Amino acid sequence: MPDFLSFINEILWGSVMIYLLLGAGVWFTWRTGYIQFRYIRHFGKSLKSSLRPQEGGLTSFQALCTSLAARVGSGNLAGVAIAITAGGPGAVFWMWVSAIIGMASSFAECSLAQLYKERDASGQFRGGPAWYMARGLGMRWMGVLFSVFLLIAYGLIFNTVQANSVANAAHYAFQIPKLATGVLLALLTLLFIVRGLRGVARLMQWIVPFMAILWVATSVIISLSHLSELPGILSGIIRSAFGWQEAAAGAVGYTISQALTSGIQRGMFSNEAGMGSTPNAAAAAASSPPHPAAQGIVQMIGVFTDTIIICSASAMIVLLAGHETAFSGSSGITLIQQAMAALTGGWGAGYVTFIVLLFAFTSIVANYVYAENNLFFLRLHTPRNVWILRSVTLLMVIAGTMLTIPLVWQMADIIMALMAITNLTAILLLSPVVKIIASDYLRQRRLGLKPVFDPARYPEIEQQLAPESWDDASRQ
C-alpha cells in the first residue's frame with residue numbers, strides 16, 4: 001500500500017500539481033492586476049476593517065482566524081521539517097514562492113465564495129467551492145464531487161495528520177502513550193465542535209492570534225540569540241533553492257526538483273491556497289466593506305501569515321539547529337523537538353508539544369467546520385448525519401495517533417491534490433468573474449469610494465446569485 005500511494009504521489013506531484021498551482025497563481029496575479037503586491041501595504045487597514053461586526057455572518061476577522069486555524073496546523077511544524085529533510089534548505093525558498101503566488105489564487109477562490117454565498121435556514125451565510133461550481137458554472141455535479149473530496153479530506157485524513165503529530169510529540173517529550181493522547185484530543189475536540197460555526201469562530205478569534213504570536217516570538221528570540229548565523233542560513237536557503245551548493249557534485253537538476261517539489265507541496269498543505277478549503281470560511285463572513293474582493297484581500301493575509309511568517313519561524317529553528325547533522329535520522333515533529341531542545345535545553349521538546357497541541361487542536365476543529373459546511377450543500381445536514389460526521393471525525397483523530405508518518409502524509413498529499421485539481425479547474429473557468437470582482441473593487445478604491453458590490457451592474461452575474469445574498473450591500 002505505501003508503494004502504491006508513493007506511485008500516485010509521484011504522478012500527481014511530480015509535475016501535474018506543480019505546474020497547475022504555479023500556473024494558476026501566475027494567471028490570477030495577472031488577471032487581478034497583481035493585487036497581492038498592490039494591496040500588501042493595506043493589510044493593516046484591511047485587518048482593522050475586518051473587526052467590524054456585520055449583520056448575517058461572521059466578522060471578516062473571525063472568518064480569517066477560522067481559516068488560519070485550519071491552515072496553522074502541524075504542517076507549520078512537522079510539514080516544514082519534512083520539507084527541509086526531503087528538499088534541503090532550498091525548500092523554504094519555494095515555500096515562500098508558493099505563498100506569494102498562491103495569494104492571488106486565494107484571493108480568487110475566496111472572492112468567488114463571497115460572491116456566490118447564500119443564507120441557511122438560521123440566516124447564517126454559507127458557501128465555498130461547491131456553491132460557486134453550482135451557481136457560477138452551473139455544474140452541481142462538480143460541486144458534489146468537490147464536497148465528497150472535502151468530506152474525506154477534512155473529516156477524515158487531514159485530522160489523522162494533526163493527531164499523529166501531537167501523539168508523536170507527546171510520546172517523545174513525556175512518554176505518553178499515543179492512544180491516550182488520541183483519546184484526550186478527541187474528547188477536547190468534541191467539546192468545541194458541538195458549538196457550531198459561530199461558536200467555533202468566536203473561539204478561534206482568541207486562540208489563533210495567541211498561538212501564532214507565541215510561536216513566532218519564540219523563533220524571533222532564538223534567532224536574535226544566534227544573530228551571527230542568520231546571514232549564512234539565508235544564503236544557504238537561496239543557494240540550495242537553485243542548486244548552487246550542489247553544482248560541483250553534478251546533482252543540480254535533482255536537487256532543484258526535490259527542493260521545489262517539497263517546498264510547494266508542504267507550502268500548499270500549510271497555506272491551502274487554491275485547495276478550496278479556505279473559501280468555506282470566507283463565505284461565512286459578512287464583509288466590511290460589503291464587496292466580495294474585501295474578503296479575498298483579508299484571506300490573502302492568512303496565506304502571508306501562515307507561510308511567510310509562521311512556517312519561516314519553524315524553518316529558522318530547524319536550520320539554526322543544523323538539520324543535516326545531528327538530526328538527519330529524524331523527521332517531522334520529532335525533528336522540530338530535537339532542534340528546539342538543542343537550541344534551548346531540555347524544556348524545548350515539551351514546549352513544542354504544547355505548541356503543536358494548540359496548532360493541531362484548532363486545525364481539527366476548523367477542519368470539522370469545513371466538513372459540516374459541505375453537508376449543507378449536499379442537503380444532508382440532518383442531526384443524524386451531523387453526529388455520524390462528528391463520530392467519524394473523532395475516530396479518525398484516535399486512529400491517526402497509531403498510523404505511521406509516511407503513510408499519513410502520503411494519503412494527505414493525494415487527497416489534497418484531488419481537491420486542488422477540482423477547485424483550480426473551477427476558479428480558472430470562473431476567472432472572467434474574478435477579473436470583474438477585482439476591477440470593480442479597484443475602480444471604486446481609485447475613485448476614493450467605499451467599495452460596495454452592486455449586482456445590478458452585472459446582470460449576467462446577478463442572475464446566478466442566491467436571492468438576497470447581496471441586497472443589503474447594494475443598499476449601502
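Where does Q175 lie? Q175 is in the loop between α8 (140-174) and α9 (178-193). This is a predicted model. The chain has 476 residues, of which 62% count as buried, and its secondary structure comes to 21 helices and 2 strands. Among contacts between residues at least 6 apart in sequence, 82% join residues at least 24 apart.

**Loop residues with positive phi**

- Q175 has a positive phi, near 60°, and is a residue other than glycine.
- At 55% relative accessibility, Q175 is exposed, because the cut-off for exposed is over 50%.
- R379 is not a glycine either, and its phi is also positive, at about 60°.
- The loop that holds R379 runs between α16 and α17 (383-400).
- R379 has a relative accessibility of 67% and therefore counts as exposed.

**Helix α16**

- Helix α16 covers residues 347-377.
- The 31 residues of α16 should span 45 Å at 1.5 Å a residue, and the C-alpha atoms at its ends are 46 Å apart, so the two values agree.
- α16 is mostly covered, with 27 of its 31 residues buried.
- R379, with its positive phi near 60°, follows α16.

**Nonpolar core**

- The largest nonpolar core has 141 residues.
- Within this core, the residues that touch the most other members are L112, L115, Y132, F158, W215 and F359.
- Helix α16 supplies the largest share of this core, 17 residues.
- In soluble globular proteins, nonpolar side chains tend to be buried together.
- Leaving out residues up to four places away in sequence, Y132 touches E109, L112, A113, Y116 and L137, and also P279, N423, A426, I427 and L430.
- One of the contacts of Y132 is L112, and both residues are in the group that touches the most other core members.

**Aromatic pairs**

- The chain has 8 aromatic pairs.
- One of them joins W131 and F377: the ring centres are 5.3 Å apart and the planes are at 65°, so the pair counts as edge-to-face.
- W131 lies in helix α7 (residues 129-135) and F377 lies in helix α16, so this pair ties together parts that are 246 residues apart in sequence.
- W131 is buried, because its relative accessibility is 4%.
- F377 is buried, because its relative accessible area is 5%.
- Y154, F158 and Y370 form a cluster linked by ring pairs.
- F158 is also among the residues that touch the most other members of the largest nonpolar core.

**Charges over rings**

- K117 places its charged end over the ring of F125, at 4.0 Å from the ring centre.
- R390 lies over the face of W387, and the distance to the ring centre is 4.6 Å.

**Cysteines**

- How many disulfides does the model contain? The count is 0.
- C65 has a relative accessibility of 2% and therefore counts as buried.
- C110 has a relative accessibility of 0% and therefore counts as buried.

**W206**

- W206 is in helix α10 (residues 196-225).
- Is W206 buried or exposed? W206 is exposed, because its relative accessible area is 66% and the cut-off for exposed is over 50%.
- W206 and Q62 are 144 residues apart in sequence, while their C-alpha atoms are 9.2 Å apart in space.

**R445**

- R445 is in helix α19 (residues 431-446).
- The relative accessible area of R445 is 34%, so R445 counts as partly exposed.
- Apart from neighbours within four places in sequence, R445 is in contact with Y39, P289 and P451.

How values were computed:
Residues numbered from 1 in each chain as written. Predicted model: local features only at pLDDT ≥ 70, side-chain atom pairs only at ≥ 80, totals over all residues. Heavy atoms only, no water. Core = buried A, V, L, I, M, F, W, Y, C linked by side-chain atoms within 4.5 Å. Buried < 20%, exposed > 50% of the residue type's maximum accessible area, 1.4 Å probe, protein only. Helix = DSSP H or I, 4+ residues; strand = E, 2+ residues; numbered from the N terminus. Contact = heavy atoms within 4.5 Å. Disulfide = S-S within 2.5 Å. Phe/Tyr/Trp six-rings, centres within 6.5 Å; stacked < 30°, edge-to-face > 60°. Lys NZ or Arg CZ within 6 Å of the ring centre and 35° of its normal. Expected span 1.5 Å × (residues − 1).
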